Amino acid sequence: MARPQLWTFEQDGHSHVVEIEDSGFSRRIVWRRDGDEVASKKTSDRRVQLVPGDDAPDGIGAVGLRFGRGGSPGRVTWYAGSRDEAGAAAVVGLGGVDFTPEPGSKAANRMAWMQAHPRLYVVRETGLAAGGV
């Protein structure tokens with residue numbers, strides 16, 4: 001089994017970490033803030049929202065994840081606001097602040113390639129989407 005992928009984000013002195021562990025047909029996703037688990041989910045969906053439970057501090061936000069066609073995470077984003085506001089923003093996917101993938105990971109290498117070749121990335125994604133239709 002592959003080792004979990006880590007995505008990190010610092011906000012107002014708080015350390016947020018999202019750990020994604022692939023387990024065959026699904027993946028387990030855990031969001032931690034300052035080492036304490038905020039939310040977790042086991043799913044195979046390509047779009048995932050992690051919204052904290054009622055016992056979490058107010059205003060902690062929510063996390064939205066987007067996975068690529070191959071199942072690898074393409075984007076992990078934190079959304080500010082109350083549980084309901086941030087949860088709605090995570091569903092829509094507008095705004096937010098992106099997490100940073102662990103250096104040297106496949107996600108970090110993919111992100112570096114996308115930034116180095118933005119036009120080629122758009123052409124490739126458009127071609128794949130058109131081919132899927």
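**Helix packing and strand pairing**

Tutor: In this predicted model, helix α2 (residues 106-116) packs against helix α3 (residues 118-132) at an angle of about 105°, and their axes lie 5 Å apart.

Student: Why is α2 called roughly perpendicular to α3?

Tutor: Angles of 65 to 115 degrees count as roughly perpendicular, and the angle here is about 105°, so α2 is roughly perpendicular to α3.

Student: Which residues make the contact?

Tutor: Arg 110, Trp 113, Met 114, Gln 115 and Ala 116 contribute from α2, while Pro 118, Leu 120, Tyr 121 and Arg 124 contribute from α3. By class, the residues of this contact divide into six nonpolar, one polar and two charged.

Student: How do you know that strand β1 pairs with strand β2?

Tutor: Two strands pair if there are at least two bridges between them, and seven bridges join β1 (residues 5-11) to β2 (residues 14-23), so these antiparallel strands count as paired. Gln 11 stands opposite His 14 in β2, and in the hairpin of β1 and β2, with two residues between the strands, Asp 12 takes a positive phi near 50°.

Student: What makes β2 and strand β3 a pair?

Tutor: The criterion is again at least two bridges, and eight bridges join β2 to β3 (residues 26-33), with the strands running antiparallel, so β2 and β3 pair as well. The bridge partner of Glu 21 in β3 is Arg 28. The hairpin of β2 and β3 has two residues between the strands, and there Gly 24 takes a positive phi near 85°.

Methods. Residues numbered from 1 in each chain as written. Predicted model: local features only at pLDDT ≥ 70, side-chain atom pairs only at ≥ 80, totals over all residues. Heavy atoms only, no water. Axes fitted to C-alpha atoms, helices over the stretch in contact; angles between N-to-C directions. Helix = DSSP H or I, 4+ residues; strand = E, 2+ residues; numbered from the N terminus. Parallel < 35°, antiparallel > 145°, perpendicular 65-115°, else oblique. Contact = heavy atoms within 4.5 Å. Nonpolar A, V, L, I, M, F, W, Y, C, P; charged D, E, K, R; others polar.
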